[in-house]
2 protein chains.
Amino acid sequence: MKKFVITIGREYGSGGRIIGKKLAQRLGISFYDKNMIDKIAEESGFSREAVEALDGKKTSSFLYSVFMSTQPVTLADTLFKAQTDIIKDLAAKESCIFVGRCADYVLRENTNCINAFVYAPTEVKVKRSKEEYQDKCDNYEMFVRKMDKNRASYYNYYTPNQWGFRDNYDILINSSVGIDNAVNMLASLAESKFGGKF
Amino acid sequence: MKKFVITIGREYGSGGRIIGKKLAQRLGISFYDKNMIDKIAEESGFSREAVEALDGKKTSSFLYSVFMSTQPVTLADTLFKAQTDIIKDLAAKESCIFVGRCADYVLRENTNCINAFVYAPTEVKVKRSKEEYQDKCDNYEMFVRKMDKNRASYYNYYTPNQWGFRDNYDILINSSVGIDNAVNMLASLAESKFGGKF
């Protein structure tokens, strides 16, 4: 079978990461999320602390772009470039799943690709943030909204597209249909699109 | 098996209607689209010509709402009310699929329901408009955009939601993944959600 890639964008607390992980297990392919950051840190000399400090901290694309116009290449941009190279290298080497990191845009030339986006109602995301991730904060609704705002700013800054807007993706799934149902649907699409049997 | 409903919103030329029709055949349930209009015409005294003249002609929700504020109940509203009643009656009587007609909103109290939205890149919609529907117009891109604008205005006027926005739906599918793949994914979701074997 030809190498293929699945990218998953996701709202914070929607369960997109666990859907990606289960899907990778089901398809027998690699899964890249935080371990990709480790790889970046290892291969390109970023310390893990630097990566985590920069990761998703782009809270205002407008202010950031004003600031950027006065700066040469920043550490954040160097990190993004390193991530981009690693995503492209991995996708060229093996079939795999990427969660986040604008991978749908980075791999836009790759035709053997499924781009998915996972979202969920606020109450579902709040529950996951509270119970599963055990985030500590005063107002979970505001916290979850803020996390999504960060993701949108990051994506909208580094790509010409709009985060979560349907035109960028092949499929958008509300994870309240069930994590396993979402995995089943994506596996069914992968099976017919890439011609495997999963 | 408990009665269930699938609603499909769709961009013009995306193939959402044919996906609904094939899905209904696959699941062995009824499909309502234009034949629903016939039913409305028949049961509530609207002539087919009146229904077709009004159908999807709400091109500006703002102007329409200004106009509406000076009017008592219009023919369009009476038609919408009749459609709503028929959708609710049918959903109470049998498992079925509705395409369009704000059915996701009309049936928002129905928990045994999947709400889907089908979209496609402009070139796919233009191709379908030209070759399959054989629409006659000067500029197909503009025509397709106009048809979608009409649908959005209609939906946004009759519901508090935004047409095509992910939060209203369980799943959004880009039909360029393939009509049959879309049908397979929706059948897989129906199978796990409603507990049948299709």
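This is a predicted model: local features need pLDDT of at least 70, side-chain atom pairs count only at pLDDT 80 or more; totals for chains, interfaces and linings use all residues.
Chain A puts 21 residues in contact with 21 residues of chain B. Together the two chains bury about 1800 Å² between them, and 52% of that comes from carbon and sulfur atoms. On the chain A side, the residues that lose the most area to chain B are A:Tyr119, A:Arg166 and A:Met185; as a trio they make up 33% of what that side buries.

## Salt bridges and polar contacts

A:Arg166 turns up again here: its side chain meets that of B:Glu11 in a salt bridge, 2.7 Å from N to O. Two salt bridges are found across the interface of chain A and chain B. Polar contacts across the interface come to 15 residue pairs, counting those with both residues at pLDDT 80 or more.

## What chain A brings to the contact

Which elements of chain A each supply at least two residues of the side that touches chain B? They are strand S4 (113-119), strand S5 (171-174) and helix H9 (179-194). H9(A) gives the largest share, with six residues.

As for residue types, the side of chain A that touches chain B splits into 11 nonpolar, six polar and four charged residues.

Definitions and conventions:
Residues are numbered from 1 along each chain as its sequence is written. Chains are lettered from A and ligands numbered from 1 in the order in which they are written. Side-chain values use heavy atoms; hydrogens and water are left out. Contact means heavy atoms within 4.5 Å. Buried area is the accessible area (1.4 Å probe) that two parts lose on being put together, summed over both. A salt bridge is a side-chain nitrogen of Lys or Arg within 4 Å of a carboxyl oxygen of Asp or Glu. A polar contact is a pair of N or O atoms within 3.5 Å; within protein, one must be able to donate a hydrogen and the other to accept it, and residues adjacent in sequence count only if both atoms are side-chain atoms. Helices (H or I, at least four residues) and strands (E, at least two) are DSSP runs, numbered from the N terminus. Ala, Val, Leu, Ile, Met, Phe, Trp, Tyr, Cys and Pro count as nonpolar, Asp, Glu, Lys and Arg as charged, and the others, Gly among them, as polar.
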